[in-house]
Amino acid sequence: MGESIEWTERMRIVQELVPGKQITLAHVIANPDKVLYKKLGLNPAVDYSRGGAIGILTISPSETAVIAADLALKASGVELGFVDRFSGTLIVTGSVAEVEAALRAILEYCREKLGVAVCEMTRT
């Protein structure tokens, strides 16, 4: 009766996106290597002397990425690298200052006007 059962199987966890209003990633990659632009299919013709940057956001509902792209373009001189209304991914490029300004504008608008839960902007 006092026997213990030894588990030989590993637990498997499946993660999925739960519908909600949230920005779960807002990250600035400052001064990325040129190869990163090429691997992501982004325009590598950036004036690196100005301090190029890549901004990445993950947004739900995913259609909000379209609104965020519009906000980014209106807030600063960034270029759209990629926007996906199905996955909620937005990638912008420009100077570090432009990318940070675009991400700040998106986070503020989504929090204040759309009631979206937003994460903190991070930078590497």
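Some notes on the source. This is a predicted model, in which local features need pLDDT of at least 70 and side-chain atom pairs count only at pLDDT 80 or more, while totals for chains, interfaces and linings use all residues. Residues are numbered from 1 along each chain as its sequence is written, and side-chain values use heavy atoms, with hydrogens and water left out.

Now the overall arrangement. The protein has three helices and six strands, and from the N terminus the order is β-α-β-α-β-β-α-β-β.

Let me return to β2. Two strands count as paired if DSSP finds at least two bridges between them. β2 is joined to β1 by eight bridges, and the two run antiparallel. Seven bridges join β2 to β4, again antiparallel; here Gly55 stands opposite Val92. Why is β2 described as largely enclosed by the rest of the structure? Because eight of its nine residues are buried, where buried means under 20% relative accessible area, exposed over 50%, and partly exposed in between (1.4 Å probe, protein chains only). Across the protein, buried residues make up 36% of the 124 residues.

I turn to the interior. A nonpolar core is a set of buried Ala, Val, Leu, Ile, Met, Phe, Trp, Tyr and Cys residues joined through side-chain atoms within 4.5 Å. The largest such core has 23 residues, and among those with the most contacts inside it are Ile23, Leu57, Leu90 and Ile106. At least two of its residues come from each of β1 (22–30), β2 (52–60), α2 (64–75), β4 (89–95) and α3 (96–112). The largest share, seven residues, is supplied by α3. A second, separate core has six residues, including Tyr37, Ile54, Ile56 and Ile91.

Which residues does Leu90 contact, leaving aside its neighbours within four places in sequence? Contact means heavy atoms within 4.5 Å, and the partners include Gly55, Leu57, Ala68, Leu80, Phe82 and Ile106.

Leu80 lies in strand β3 and is partly exposed, with a relative accessible area of 37%.

Finally, contacts along the chain. Of the contacts in the protein with a separation of 6 or more, 62% are between residues 24 or more positions apart. Thank you.

Terms used. Helix = DSSP H or I, 4+ residues; strand = E, 2+ residues; numbered from the N terminus.
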